Amino acid sequence: IGKRIKIGASLQPAYISQTRTNTNASRDDIIGVSIYANPTLKPYNDKGELVPYLVSPQNKYHSAWSFVNPLFNLRETDQSDKEFQSLGLAYLEWKITKDLSVRSSLNTNWSTAKYFQYLPSTVGSSNTPPTTGTGRSITNTSQNFDWLVENTATYEKSFGNHRFTALAGYTTQKSTARGINLNADPYANDLLQTINAAQAIKSWGESVNQWSMISYLGRINYSFNEKYLLTATFRSDGSSRFGSENRYASFPSLAAAWRLSQEDFIKNIKSIDNLKLRASFGTSGNNNIGNYASLASVNAGSYIFGSTQVSAATIGISNPSLTWEESQQIDGGFDLSMFNNRLTLVVDVYNRKSKNMLLSNIIPAITGFNTQIVNMGNVQNRGLEIALGGAPVSSRDFQWDVNMNIAINRNKVLSLNKNGDRILSGNNDNNPTHVTVVGKPIGQFFGYMLQGLYTAADLLDPKVPKYPQVYAGAGKYLDVDGDGQIKDLSDYTIIGNPYPDFIFGFSNSFSYKSISLSVIVNGQSGGQVVNGLRQTVDNLQGFFNVSKEWVNRYHSAQEPGDGIHYGIPNTTPSLGHRMNTLWIEDASYLRISNVTLGYALPATWMKRTGFMNGGRLYVTVQNLATFTKYGGANPEAQSVNINNTLSPGYDISSYPLSRTVSAGLNLSF
């Protein structure tokens with residue numbers, strides 16, 4: 001609108017429809033059952049039909065174990081997820097003067113989703129055979145609306161060798177989410193699956209969540225002769241998620257750079273194209289704790305008054321002092337390019353300290369509650385990142401470009417609470433799987449340390465620590481507390497580290513005339529992952545599949561095996577069913593993540609059409625191959641609860657990565 005005012009708008013709708021199944025949720029999901037299912041049972045009958053339910057027969061160790069045929073479950077269960085999302089943007093820019101301009105924008109994100117799962121009566125569950133008229137459904141619907149308004153003013157000025165840019169702004173945003181969930185059953189038959197076909201809605205719930213934030217921000221950029229660069233920023237954020245006493249926090253930062261390649265003593269070095277030193281210091285905040293952690297919640301309940309049950313409500317514990325988690329970080333590094341930019345090197349080092357971490361703290365049960373979100377704990381992260389690139393060959397017809405990077409990070413807990421108490425997290429048979437302690441990285445694996453196997457002599461020796469139902473050939477665990485007995489939790493110790501020594505990646509791009517080829521590889525070295533399905537496939541009672549390594553198990557004193565894998569138990573596996581070092585596996589891997597072969601169509605062909613400028617044919621393969629010693633589907637598997645940073649790297653039944661082959665044609669007009 002005229003020469004000084006510009007307006008714009010965009011709308012980006014998207015519709016997603018998925019047919020899904022649960023994975024990495026429990027050992028009884030589709031992937032889990034497929035792996036641990038007794039391999040002597042047949043999924044198809046003699047007529048070639050899927051068997052709905054599989055039963056491992058009873059033996060001397062245990063009663064029969066039964067489960068749904070996973071192939072039948074996939075075919076019969078209806079599980080769909082449909083989502084519509086629309087991103088919107090509208091803005092106005094006004095160049096008031098040559099140096100001063102303002103911008104105001106509105107960003108919106110509106111989405112609606114429906115999840116529906118129907119479990120027919122033909123599908124039972126573990127040790128629960130299917131029964132006619134027991135169909136059940138789960139329906140979840142949600143609506144979300146987020147908006148963000150940003151108002152900024154920018155002032156730019158240059159005089160002599162000085163260049164100056166200043167920005168000031170005010171932003172406000174709000175998010176509203178509403179959801180309804182319904183559980184309906186039973187259904188008279190499986191033909192009609194709408195909610196009204198069920199006899200009753202057995203449970204339902206509705207949730208409404210809102211949060212908002214306002215921010216005041218500013219930034220100043222200054223450069224002198226393009227050699228000395230300085231950036232200062234400041235922002236003040238207020239979040240509704242915190243207590244009324246501590247909703248606001250300020251986060252400043254300062255960064256400086258020196259372009260040495262502009263100095264006279266570097267300019268004379270012809271091989272150097274660019275050399276810049278960088279350093280920065282700043283503070284950032286985290287408010288990701290849910291929406292009402294600082295407030296006293298009201299929860300419906302009941303109690304007995306005389307001989308009558310009456311409705312009641314309980315009031316939660318408020319924390320008006322709850323505030324921002326803050327991270328202070330120092331960075332340093334340099335950028336170097338040489339030989340007409342045929343060789344580049346970028347190096348960064350950093351040291352970040354997070355304080356007042358937002359963690360769930362265990363509180364005395366006498367309060368009527370078990371945990372409360374509080375500000376406690378400090379964690380340090382230090383790291384090094386290196387990126388190296390180059391063009392070993394560059395000629396008229398042939399070009400070869402290569403890029404490599406490596407990242408190293410070390411984190412350490414500096415403090416947790418007043419008493420320095422450890423934090424236990426995760427869950428396996430109602431026992432923790434991870435521990436966080438001062439002086440160690442966050443979320444170390446926690447369980448029994450396997451020391452070998454019990455011998456007949458060990459069973460007779462009173463000095464050898466034991467646990468109930470122990471037998472010759474059973475796993476022998478470390479007696480951590482030294483009390484002569486092996487017990488859950490008290491004899492747990494750190495048994496592994498989920499964090500890699502370093503992660504890396506490199507790419508090679510080749511082009512010869514009209515043909516191009518690119519290969520991208522990434523991976524990690526070190527670090528470990530818990531193969532959670534070993535709780536089942538390490539069970540030797542005869543109901544489940546077993547890993548091939550158990551061929552080396554203990555058979556007898558004359559055939560002791562490899563001294564690590566225990567033998568057939570005489571009773572229930574007892575503590576052999578607990579998390580121990582056998583479950584911890586190496587997470588190192590190397591993956592060929594992308595290979596693309598392309599061919600540029602001759603320019604003469606394009607010109608003959610009269611309307612096309614260029615064209616390119618290509619074939620791409622994603623996740624071509626992964627090389628790893630990990631026995632699960634994916635060494636990068638996250639925790640079952642991926643939002644819990646205190647229990648990383650716990651894989652129950654992660655879905656394997658898909659290898660995707662695609663071909664296409666790019667045309668320009």
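Asp 429 lies in the loop between β20 (423-425) and β21 (434-436), where helices (H or I, at least four residues) and strands (E, at least two) are DSSP runs numbered from the N terminus. Although Asp 429 is not a glycine, it has a positive phi of about 50°. Its relative accessible area is 33%, so Asp 429 is partly exposed; buried means under 20% relative accessible area, exposed over 50%, and partly exposed in between (1.4 Å probe, protein chains only). The model is predicted: local features need pLDDT of at least 70, side-chain atom pairs count only at pLDDT 80 or more, and totals for chains, interfaces and linings use all residues. Residues are numbered from 1 along each chain as its sequence is written, and side-chain values use heavy atoms, with hydrogens and water left out.

A positive phi of about 55° also occurs at Asn 340, which is not a glycine. Asn 340 belongs to the loop between β14 (325-338) and β15 (343-355), and its relative accessibility of 68% makes it exposed. Another backbone feature is the cis peptide bond that joins Asp 185 and Pro 186, with omega about -10°. Pro 186 is placed in strand β7 (residues 162-187).

Strand β13 (residues 308-315) contains Ala 313, which counts as exposed because its relative accessibility is 53%. Leaving aside neighbours within four places in sequence, Ala 313 is in contact (heavy atoms within 4.5 Å) with Val 298, Asn 299 and Gly 301. By comparison, 54 Å separates the C-alpha atoms of Ala 313 and Phe 504, which are 191 residues apart along the chain.

Charged side chains come next. The whole structure holds 20 salt bridges, a salt bridge being a side-chain nitrogen of Lys or Arg within 4 Å of a carboxyl oxygen of Asp or Glu. One of them joins Asp 483 and Lys 487 at 2.2 Å, N to O. Asp 483 is partly exposed at 37% relative accessible area, and Lys 487 is partly exposed at 29%.

Arg 534 takes part in a network of salt bridges with Asp 538, Glu 549 and Glu 585. Its salt bridge with Asp 538 is 3.0 Å, N to O, and both Asp 538 and Arg 534 are buried. In the salt bridge between Glu 549 and Arg 534, the closest N and O atoms are 2.8 Å apart. Glu 549 lies in the loop between α5 (534-537) and β29 (584-586) and Arg 534 in helix α5, so this pair ties together parts that are 15 residues apart in sequence. Glu 549 is partly exposed at 30% relative accessibility, whereas Arg 534 is buried at 5%.

The aromatic side chains form 18 pairs in the whole structure. Rings of Phe, Tyr and Trp (its six-membered ring) pair if their centres lie within 6.5 Å; planes under 30 degrees apart count as stacked, over 60 as edge-to-face and the rest as tilted. Phe 242 and Trp 324 are a tilted pair, because their ring centres are 5.2 Å apart and their planes stand at 50°. This pair links distant parts of the chain, 82 residues apart: Phe 242 is in the loop between β9 (228-239) and β10 (248-259), and Trp 324 is in the loop between β13 and β14. Phe 242 is buried at 0% relative accessibility, and Trp 324 is buried at 4%.
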